[in-house]
Amino acid sequence: MTTELAANGKPFVHNHGAHCETAVTSALFRYQGLDISEPMIFGIGSGIFFGYLPSVKLVHLQVTAFRNRPGTVFRKAAQRLGANLVIKTYRDPQKGMNELRQVLKAGHIVGLATNLYWLPYVSERHRHNFGGHNIIALREIEGGFRISDPTFGDPVDCSAEGLERARFVPGPMNPRGFMYYTKSINPHPDLRRACIKGMKNSCGLMLRIPLPIFGVRGMRFLAKRIVKSEVKLGFQEACRHLAGTVRWVEETGTGGAGFRYMYAAFIQEASELFGSEDLVRLSRDMTAIGDTWREFSVMSARIIKKRNRPEATFANAGGLILKCADLEEAFFRDLQKVVKKLKA
Amino acid sequence: MELEKEIFKDGMPKGYYTQNDNRKYVLDTNHCWSEEVCVAAIVSEVRANIENARKEVIAGLKSPLCYHMAVRQMDVKFLARAAGIAVFRVKRHMRPEIFAKLKSSVLDRYAVALAVTPEELKTVPDSEA
């Protein structure tokens with residue numbers, strides 16, 4: 001936690017967060033005077049999700065999403081908390097950068113979507129083409145901008161050219177200068193109602209999308225694919241795909257175990273808010289689901305490292321995902337019933 | 001493995017949610033071992049791709065475009081959309097004899113998409129970066 005000054009001299013507290021989008025949203029709200037934690041935003045914005053997209057490839061590897069599409073968490077959370085936002089995209093990089101400077105001068109702090117590969121300050125292990133990394137611009141400094149990237153521990157400096165490139169890189173991963181800031185915010189939102197809305201929405205997303213690649217059905221689909229992958233693709237290639245999947249579980253700013261721990265943290269916070277015993281129990285269930293995902297990632301790592309453990313096989317790794325799918329289906333059915341009993 | 005430890009020693013730890021002694025969730029910076037393994041696998045693959053491409057260019061099998069594409073972690077489809085050039089043309093331009101005859105206007109488009117100068121685009125570094 002470090003304190004920085006925004007353009008108008010108002011202090012901004014930089015908090016370390018797990019996920020870029022939720023952390024940026026909570027930081028924007030906190031700056032406006034609404035103290036709300038990152039897991040709370042994640043839950044209210046219905047962040048938890050599962051989707052396995054076999055046809056969408058990011059540099060030869062399939063996308064396995066453990067959260068909702070970039071941008072939706074923040075939009076839904078803002079809507080449910082009654083915040084008034086300005087959201088903009090640009091075609092012309094010059095115009096986008098000029099407007100960013102103007103808005104910063106007016107004393108706002110601005111959330112930006114950037115391409116992670118082109119941010120000058122990230123290290124090699126974070127570098128991959130992903131066009132939805134969210135950061136906050138605090139103020140303009142000489143030759144660049146002061147940036148608060150909540151994924152990392154401390155605020156950093158970023159050159160103007162680097163930021164322009166990251167915001168307007170040509171190609172399919174172009175964020176098109178996506179930027180957003182809060183105009184006004186409801187200082188005393190109805191948190192209980194917002195939580196209920198978020199939970200209900202999450203249940204629907206996980207259980208009711210009638211396509212085999214989303215929600216718990218998607219998990220079962222992925223599990224079958226992983227079980228078959230060794231025969232179908234050969235050991236080397238199957239390992240590559242498995243490493244890609246584990247990356248989505250652990251690495252891409254998930255807060256551990258594919259956002260499951262973060263959601264457990266949200267349910268825990270909500271249980272205090274509602275004083276509900278049921279939610280305490282559900283938080284424990286979610287932690288167990290997170291532990292199963294972690295078991296899967298550790299087993300996959302053993303397969304990749306060829307540790308010669310007899311239990312580390314593709315069939316068992318797939319089996320663990322199936323177990324996760326069953327647990328999560330039970331969890332969200334349970335949550336659906338509990339939410340009905342909660343009073344806003 | 002050295003690579004795993006090395007790439008995680010960059011002073012940029014991420015946050016993870018873990019339970020403290022009272023079973024309350026707090027943010028922590030300790031990552032899971034499996035993350036090291038899979039990130040190292042992916043990083044070493046990217047490095048191997050770049051090195052392979054460099055060797056193939058020096059051997060005269062591929063054009064320098066192929067190397068710069070690997071450095072930017074793109075594939076042909078990605079590069080085609082970034083440069084605004086059809087996929088089959090990008091594939092053709094991977095052949096050194098065809099790349100050598102390209103007009104400067106086409107080279108400029110690749111240079112912008114890959115963020116290198118047109119001179120750099122025609123060469124590859126001699127030694128491993």
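So, a salt bridge here is a side-chain nitrogen of Lys or Arg within 4 Å of a carboxyl oxygen of Asp or Glu. Between chain B and chain A the count is 2. One of them pairs the side chains of A:R240 and B:E45, at 3.1 Å from N to O.

Quick housekeeping: this is a predicted model, where local features need pLDDT of at least 70 and side-chain atom pairs count only at pLDDT 80 or more, while totals for chains, interfaces and linings use all residues. Residues are numbered from 1 along each chain as its sequence is written, chains are lettered from A in the order in which they are written, and side-chain values use heavy atoms, with hydrogens and water left out.

Staying with the interface: 41 residues of chain B are in contact (heavy atoms within 4.5 Å) with 54 residues of chain A. The buried area, meaning accessible area with a 1.4 Å probe lost on being put together and summed over both parts, is about 4,200 Å², and carbon and sulfur atoms give 60% of that.

Okay, chain A. There's an open sheet of 6 strands, ordered 5-10-6-7-8-9, with antiparallel pairing. Strands are DSSP runs of E, at least two residues, numbered from the N terminus, and two of them pair if DSSP finds at least two bridges between them. Strand 5 (83-88) and strand 9 (156-159) of chain A stand at the edges with a single partner strand each, so one side of each has no neighbour in the sheet. Strand 8 (residues 144-148) of chain A is joined to strand 9 by 4 bridges, and A:G144 sits opposite A:S159.

Definitions and conventions:
Buried area = accessible area lost by both parts, 1.4 Å probe.
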